[in-house]
Amino acid sequence: LQFVESGGGLVQPGGSRRLSCVAGGFSLGNYTIGWFRQAPGKAHEGVGCIRKNDDLTTYADSVFGRFTISRDNAKTAVYLQMNSLKSEDTAVYYCAATCYLNDVDASRGQGTQVIVSS
């Protein structure tokens, strides 16, 4: 797998954005997919994860209640719906086939940049 993220851009505080994670049309239904981010000058952090068998989702405390991870019906994409965005959400967002930051490997995409600013 080689992941590609899209959907980033400039958004005002309080706004919404939906990011997509795909792998060249390859089915992601049998994969646990995690979203991660790196803010300028800061360490990488996990944002949330959707599990492969039951689509159970988990989220970092910093985004809980604002962000939602889901799959499309064809299981070829995983989405990160971001609502009530804050300036501190500004980061490069990327996906990988793991929930754990330490397990992110070269299959991760280059990411998509989200800038939250007025």
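1. Start with a definition: a residue is buried under 20% relative accessible area, exposed over 50%, and partly exposed in between (1.4 Å probe, protein chains only). By that rule Tyr94 is buried, with a relative accessible area of 2%. Tyr94 will come up again below.

2. A word on the source. This is a predicted model, where local features need pLDDT of at least 70 and side-chain atom pairs count only at pLDDT 80 or more, while totals for chains, interfaces and linings use all residues. Residues are numbered from 1 along each chain as its sequence is written, and side-chain values use heavy atoms, with hydrogens and water left out.

3. How many disulfides does the structure hold? There are two. A disulfide here is a pair of cysteine sulfur atoms within 2.5 Å. Counting bonded cysteines along the chain, the pattern is 1-3, 2-4.

4. Take Cys21 and Cys95. Their sulfur atoms lie 2.1 Å apart. The link is right-handed, with 85° about the S-S bond. Cys21 lies in strand S3 (residues 17-22) and Cys95 in strand S9 (residues 91-96), so the pair ties together parts that are 74 residues apart in sequence. Strands (E, at least two residues) and helices (H or I, at least four) are DSSP runs, numbered from the N terminus. Cys21 is buried, at 0% relative accessibility. Cys95 is buried at 0% too.

5. Now Cys49 and Cys99. The S to S distance of this disulfide is 1.6 Å. This link is left-handed, with -70° about the S-S bond. Cys49 lies in strand S5 (residues 44-50), and Cys99 in the loop between S9 and strand S10 (112-116), so the pair ties together parts that are 50 residues apart in sequence. Cys99 counts as partly exposed, at 30%.

6. Next, the sheet. Six strands form an open sheet with mixed pairing, in the order S2-S10-S9-S4-S5-S6. Strands S2 (9-11) and S6 (57-59) stand at the edges with a single partner strand each, so one side of each has no neighbour in the sheet. Neighbouring strands are turned by 25° against each other on average, direction ignored. The axes behind such angles are lines fitted to C-alpha atoms, for helices over the stretch in contact, and angles run from 0 to 180 degrees between N-to-C directions.

7. Look at S10 and its partners. Two strands pair if DSSP finds at least two bridges between them. S2 and S10 pair in the parallel sense over three bridges, and Gly9 stands opposite Val114 in S10. S9 and S10 pair in the antiparallel sense, over three bridges. Here Val92 stands opposite Gln113 in S10. The covered face of S10 has Thr112, Val114 and Val116, and the uncovered one has Gln113 and Ile115.

8. Last, the rings. Rings of Phe, Tyr and Trp (its six-membered ring) pair if their centres lie within 6.5 Å; planes under 30 degrees apart count as stacked, over 60 as edge-to-face and the rest as tilted. The count is two aromatic pairs. One of them is Phe36 with Tyr94: the centres are 5.7 Å apart and the planes at 25°, so the pair is stacked. Phe36 lies in strand S4 (residues 33-38) and Tyr94 in strand S9, so the pair ties together parts that are 58 residues apart in sequence. Phe36 is buried, at 0%.

9. The rule asks for NZ of Lys or CZ of Arg within 6 Å of the ring centre and within 35 degrees of the ring normal. The charged end of Arg108 sits over the ring of Tyr94, 3.6 Å from its centre. Arg18 lies over the face of Tyr79, at 3.9 Å from the ring centre.
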